[in-house]
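Let's take a friendly look at how charged side chains pair up here. Have the model open beside you as you read.

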Amino acid sequence: MSTGLVSATSTPTPEVPEAFVPEVRRSMWKYFGEIKWVRANTPELHDWWEHHNLLAHNTAVVLLAQYDVVLSNVWDLSTHATSLGRRHQWWEQRNVLIHNNLMLSNVWEPPSALPWASTLEQRNVFLLVNETFPSSAQKCFDFTFAEPTRESPAAVAANRRFEKTYTDLSQLRSAEGNPQAFEGARIVAERVLVRLGQAGFVPERVVAAPDDEIAFYFFPTDSGGQPRRYVRFGCSLDGLVITLEDRDALQPEMLESGIEPEEIDQAIANAEGFLKSR
Amino acid sequence: MRPKDAHIPDDDNLFRTLPAAKYRDDIVLPEAIEVEGTSCYRRSVCLAPHVALAHARTVRPTDEAVAVVTVAELPKGEITTGGGGRWIVFVEDLPEQGNEAHCEIRFGRPDSREHSWPGKKNARLLLRSTIARLFRVIVAPNRNA
């Protein structure tokens, strides 16, 4: 069996040797942080991709079984993205890795034995699996297929806002003549933006701020629908500073955070009550 | 040119003109405030916010809105930043050739009226946020005072 990205032939996926299951399971969960199972039939895959491509930073996509079929679908979507003018860094920007070689020479290998496995650490991993995946392999991964759901108009709008914010972020320029610090801030801001998106929050605005900072703004509304406050995520090489501004408070509240993913997640959690409109 | 006033009365209004990126509806964002000195127009000199905006556009064509704060609304006491730094706010009258209404909102140490600002970024952000929240937008596209 070829281990390249595209195969001309379809080879039935072998059953997993029973004795091998525990080791594969242990290895999989060691290396894969978050696993999403996606049925890889074309329309469903398309739905999934439409929903996730915007949030797919730092993501690995692992294709299992019948990969020639699956890959041709993904490849079509990639081509679609190309036609939208995002050819050059479309995959790279999202740091998407595609692997189809969980199996080598029809022999099941634990991921830890594969040269690419270590690259999956700290990533969100999406496993695309088609329906011909052998039942015995399911024991390795404990997966069940979730029925694909159509995204609500609100979710579609959120995705579009995310894409626009991401584009705006990529086009910001430092106003203070320190490009190196600003590019560092941009890297932090990209990380914050993705974590915010994954938590269900899409900033309304992104601006280049003084001190080579990049700031995301949210404008939650009060019960009358009026914006009375803002939440500001200020990103710089030095860290993340969240400003919670409420006109009823005596002064703005500021929360400081580091820039590691888990620190950002905690900071978002701390600001979550404020981010939601009342 | 008029002489510089040593003291700007509390009832004078200060206009700050803004591009779209620095406000949202009635909210003025911290980016609108500069710790090195936030230029404003004194109402007692320029008379109307539209006059201030017309002048600002000759220098910054993207300015489109005007926010206002009265001198009395600015903090009278000390502002304490996270690191324990103590700061005061004052307004310096700075009439210029071609812009006699010009003044600046400035920061300084409590024991000195000299213009200075914090070295720490977070302290600078706190000062900017503290002043920005006092302004209210009175002129914006499709909305006039």
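Which residues are linked in a network of salt bridges? They are Arg2(B), Asp5(B), Asp12(B), Arg42(B) and Asp93(B). A salt bridge here is a side-chain nitrogen of Lys or Arg within 4 Å of a carboxyl oxygen of Asp or Glu.

A word on the basis: this is a predicted model, in which local features need pLDDT of at least 70 and side-chain atom pairs count only at pLDDT 80 or more, while totals for chains, interfaces and linings use all residues. Residues are numbered from 1 along each chain as its sequence is written, chains are lettered from A and ligands numbered from 1 in the order in which they are written, and side-chain values use heavy atoms, with hydrogens and water left out.

Over all chains, the structure holds 24 salt bridges. Three of them are listed below.

| Pair | N to O distance |
|---|---|
| Arg133(B) and Glu245(A) | 2.8 Å |
| Glu78(B) and Arg86(B) | 2.9 Å |
| Arg24(B) and Asp25(B) | 3.3 Å |

The salt bridge of Arg133(B) and Glu245(A) crosses between chains: Arg133(B) sits in the loop between helix H3 (121–132) and strand E9 (136–139) of chain B, and Glu245(A) in strand E10 (residues 239–246) of chain A. Helices (H or I, at least four residues) and strands (E, at least two) are DSSP runs, numbered from the N terminus.

How accessible are the partners? Buried means under 20% relative accessible area, exposed over 50%, and partly exposed in between (1.4 Å probe, protein chains only). Glu245(A) is buried at 4%, whereas Arg133(B) is partly exposed at 22%. Arg24(B) is buried at 17%, while Asp25(B) is partly exposed at 41%. Glu78(B), at 43%, is partly exposed, and Arg86(B), at 41%, is partly exposed too.
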